Amino acid sequence: MFETIMTIAGKPGLYRMLSRGNNMFIVETVDATHKRLPVYNSDKIVLLDDIAIYTDTEEIPLRRVFELIYEKESAVLPFNIKETTPEELKEYFEGILPDYDRERVYLTHIKKIYSWYNILVEGGVTDFAEPQSQEETAEETAE
């Protein structure tokens, strides 16, 4: 699922790819409106599957960060991102990912992560687990 969810530069929110054309995609918003629109190859598109968060030792995939938040909350975040102080937002993030790199992960990144998480949960996307490879699935079936 994460392979089809993207962010588009200059457009708020998250989008799910529905189909491809020669030089464009048809996407719909992940939120409750499910508004459809074309996105062209000239637009800057980043798949959520390609985003990672820096820690002191490695890069953690964004889906894993969402999984940690979901394990803690199982729902939309219990605070308003715009009304919460920067210190509270950072403190909450430290509770989720204690070893995040404080020099490379800015408050704007943290706010975006919270915002995207809320959009996904409100849109019904709650399976943040890493998809199993075909080999792992075959091994489990054999056992």
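## How two helices cross

Helix 1 passes helix 3 in a right-handed crossing, where right-handed means that the near helix is turned clockwise from the far one by less than a right angle, and left-handed means anticlockwise. Helices here are DSSP runs of H or I with at least four residues, strands are runs of E with at least two, and both are numbered from the N terminus. The axes of the two helices come within 11 Å and cross at roughly 70°; these axes are lines fitted to C-alpha atoms over the stretch in contact, with angles from 0 to 180 degrees between N-to-C directions. That makes helix 1 roughly perpendicular to helix 3, a label for angles of 65 to 115 degrees.

Which residues of helix 1 and helix 3 make the contact? On the helix 1 side they are Leu-62, Val-65, Phe-66, Ile-69, Tyr-70 and Glu-73. Helix 3 brings Ile-113, Tyr-114, Trp-116, Tyr-117, Leu-120 and Val-121. Contact means heavy atoms within 4.5 Å.

## What you're looking at

This is a predicted model, in which local features need pLDDT of at least 70 and side-chain atom pairs count only at pLDDT 80 or more, while totals for chains, interfaces and linings use all residues. Residues are numbered from 1 along each chain as its sequence is written, and side-chain values use heavy atoms, leaving out hydrogens and water.

The protein chain has four helices and seven strands, and from the N terminus on they run β-β-β-β-β-β-β-α-α-α-α. Its C-alpha trace spans about 45 × 45 × 25 Å along the principal axes. Of the 143 residues, 34% count as buried, meaning under 20% relative accessible area with a 1.4 Å probe on protein chains only; exposed means over 50%, and partly exposed is in between.

Nonpolar side chains tend to be buried together in soluble globular proteins. In this model, the largest nonpolar core has 31 residues. Such a core is a set of buried Ala, Val, Leu, Ile, Met, Phe, Trp, Tyr and Cys residues joined through side-chain atoms within 4.5 Å. Helix 1, helix 2 and helix 3 are the elements that give two or more residues to this core, and its largest share, eight residues, comes from helix 3. Leu-48 is among the residues with the most contacts inside the core.

A second, separate core of eight residues includes Tyr-15, Met-17, Leu-37 and Val-39. Leu-37 sits in strand 4 and, at 18% relative accessibility, counts as buried. Not counting residues up to four places away in sequence, Leu-37 touches Lys-11, Tyr-15, Phe-25, Ile-26 and Val-27.

In helix 2 (residues 86-96), the residues Leu-89, Tyr-92, Phe-93 and Ile-96 are buried. Seen down the helix axis, the buried residues fall within an arc of 100°, so they line one face of helix 2; the arc is that of the directions from the axis to the C-beta atoms. They pack against strand 6 (52-54), helix 1 (62-73) and helix 3 (107-122). Turned away from that buried side is a face with the exposed residues Glu-87, Glu-91 and Gly-95.

His-34 lies in the loop between strand 3 (24-29) and strand 4 (36-40). Although His-34 is not a glycine, its phi is positive, at about 50°. Ser-74, in the loop between helix 1 and helix 2, also isn't a glycine and has a positive phi near 60°. At 47% relative accessibility, Ser-74 counts as partly exposed.

Notes
Angles under 35 degrees count as roughly parallel, over 145 as roughly antiparallel, 65 to 115 as roughly perpendicular and the rest as oblique.
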